[in-house]
Amino acid sequence: MENRRNFVKAGGMLGTALLATPVWGGVAGTEGGSTPGKENSYPLKTKTRRLGSGNHSMEVSPLGLGCMGMSYHRSFIPDRKTMIAFLRKAPELGVNLFDTAEAYGPLVNEELVGEALAPIRKEVMIATKFGFKEGKPALGLDSRPERIKQVVDHSLKSLRTDYIDLLYQHRVDPKVPMEDVAGTVKDLIKAGKVKHFGLSEAGVENIRKAHAVQPVTALQSEYSLMTRQPENDVIKACEELGIGFVPYSPLSGGLLTGYINERTKYISSNDNRASLPRYQPEALIANWPLIDILKEFGDHRGLTVAQVALAWLLAQKPFIVPVPGTTKPAHLQENMGAAEYVFTGDELSKLTADLNKVKIVGERYTGQSAEQTRK
Ligand SMILES: NC(=O)c1ccc[n+]([C@@H]2O[C@H](COP(=O)([O-])OP(=O)(O)OC[C@H]3O[C@@H](n4cnc5c(N)ncnc54)[C@H](OP(=O)(O)O)[C@@H]3O)[C@@H](O)[C@H]2O)c1
């Protein structure tokens, strides 16, 4: 055990050396952070961010790690042992917030994350989600109080832990009053099984209803340069209420990296992108000017397309903590590097104005998935 700790410590220092150097013209750090490494024995390289307010807040790394793609919806499923080693290494690369859900698999993603993080449980924060019948999105929604309690007990087992740091309702269930959902999570918090409450894809009205019963720590909704709608309402509501905002699919499922093009193939049995409008060849070609702008900006500043896309999100508000998903240490290191970049005011305005000129083609969801968002 002691040997492992020393190894982890040494690895952590190596990671720090790799990433702490301010390689971008001396501008390091992000706006609105606090002292690194305070609540975590891993020395976080970048300033931390705060989700939520007061007693209901969490101090987290500036970006979390989306774990869904390690088992679900991203075509290939990488070798399990390799993913376990990767998840254990992730804190050395600066991340302490891990995002999973009952629905990813279902169940298998929580089991993977649980097994991987068990030896370092105290050093990391785990977010998971409830809200679908039998954990299967295709079967519809289920946020009945008895079901929430059942899911949490099962998630605790899968995650090999006795508390969940952040428990999200995955989608608003119109059949269950939001007050009842929030009341159930409040009871789970009192029982010590859950530390913080979150919502995903909820609209302003439901955010307010939930927050009145049990303060909400974070809203997790899709937000990226391809999906800007949260700017219209929910981000403003989060700011007003002191709720953190966690953009999911912040790279638009990989589109905002430049690695996906009209020739990209998906394994449709395990990838929702295969049928979503935004990933079809015509949309990819129509939206490519966005990649050109990000690449042009990044090329002059030693940044990749993905880093500019993530740095842009981080620059919008200090309470924004994106959770890009990756299965590769090199991509995680790259993505965490985005938090080191600080835009000048002029740079950000010019980049945003250029990006605003691109009219995005292709919806992000269709059918039942689209109906369940922003409720
Ligand atoms: N609340 C919700 O309803 C909801 C819905 C969807 C997702 N989520 C959460 O959000 C997380 C991320 O979402 P997402 O996977 O849909 O989209 P994403 O983070 O926008 O994109 C992930 C994709 O981009 C690739 N990628 C990541 N970094 C890269 C880099 N630096 N260079 C090149 N490619 C890169 C990944 O492939 P590699 O593995 O090859 O890096 C993966 O295919 C999920 O894991 C999940 O935790 C939540």
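Visitor: How many bridges join strand β7 (residues 194-200) to β8?
Guide: Strands here are DSSP runs (E, at least two residues), as helices are (H or I, at least four), numbered from the N terminus. Two strands pair when DSSP finds at least two bridges between them. β7 and β8 run parallel, and the number of bridges joining them is four.

Visitor: What kind of model is this?
Guide: Residues are numbered from 1 along each chain as its sequence is written. Local features need pLDDT of at least 70, side-chain atom pairs count only at pLDDT 80 or more, and totals for chains, interfaces and linings use all residues, as this is a predicted model.

Visitor: Which residue of β8 is the bridge partner of Phe197?
Guide: Phe197 has its bridge partner in β8. That partner is Val216.

Visitor: On the other side of the pairing story, which residue in β9 stands opposite Ala218?
Guide: β8 and strand β9 (residues 244-248) pair in the parallel sense over five bridges. Opposite Ala218 stands Gly244.

Visitor: Is strand β8 (residues 216-222) largely enclosed or open?
Guide: A residue is buried if 20 or more other C-beta atoms, placed from the backbone, lie within 10 Å of its own; 12 or fewer makes it exposed, and in between it is partly exposed. Seven of the seven residues of β8 are buried, so the rest of the structure leaves this strand largely enclosed.

Visitor: Which strands are the edge strands of the open sheet?
Guide: The sheet has seven strands in the order β3-β4-β5-β6-β7-β8-β9, with parallel pairing. An edge strand here pairs on one side only, and these are β3 (65-66) and β9.

Visitor: Which helix makes a β-α-β unit with β8 and β9?
Guide: A crossover is right-handed if, with the strands pointing away from the viewer, the path from the first strand over the helix to the second runs clockwise. β7, helix α6 (residues 204-213) and β8 make one right-handed unit. β8 and β9 make a right-handed unit with helix α7 (residues 234-241).

Visitor: How do α6 and α7 lie: roughly parallel or roughly antiparallel?
Guide: Axes are lines fitted to C-alpha atoms, for helices over the stretch in contact, with angles from 0 to 180 degrees between N-to-C directions. α6 and α7 pack at an angle of about 25°, with their axes 10 Å apart. Angles under 35 degrees count as roughly parallel, over 145 as roughly antiparallel, 65 to 115 as roughly perpendicular and the rest as oblique. The two helices are therefore roughly parallel.

Visitor: Which residues of α7 make the contact with α6?
Guide: Contact means C-beta atoms, placed from the backbone, within 7 Å. α6 brings Val204, Ile207 and His211, and α7 brings Val234, Ala237 and Leu241.

Notes. Contact = placed C-beta atoms within 7 Å.
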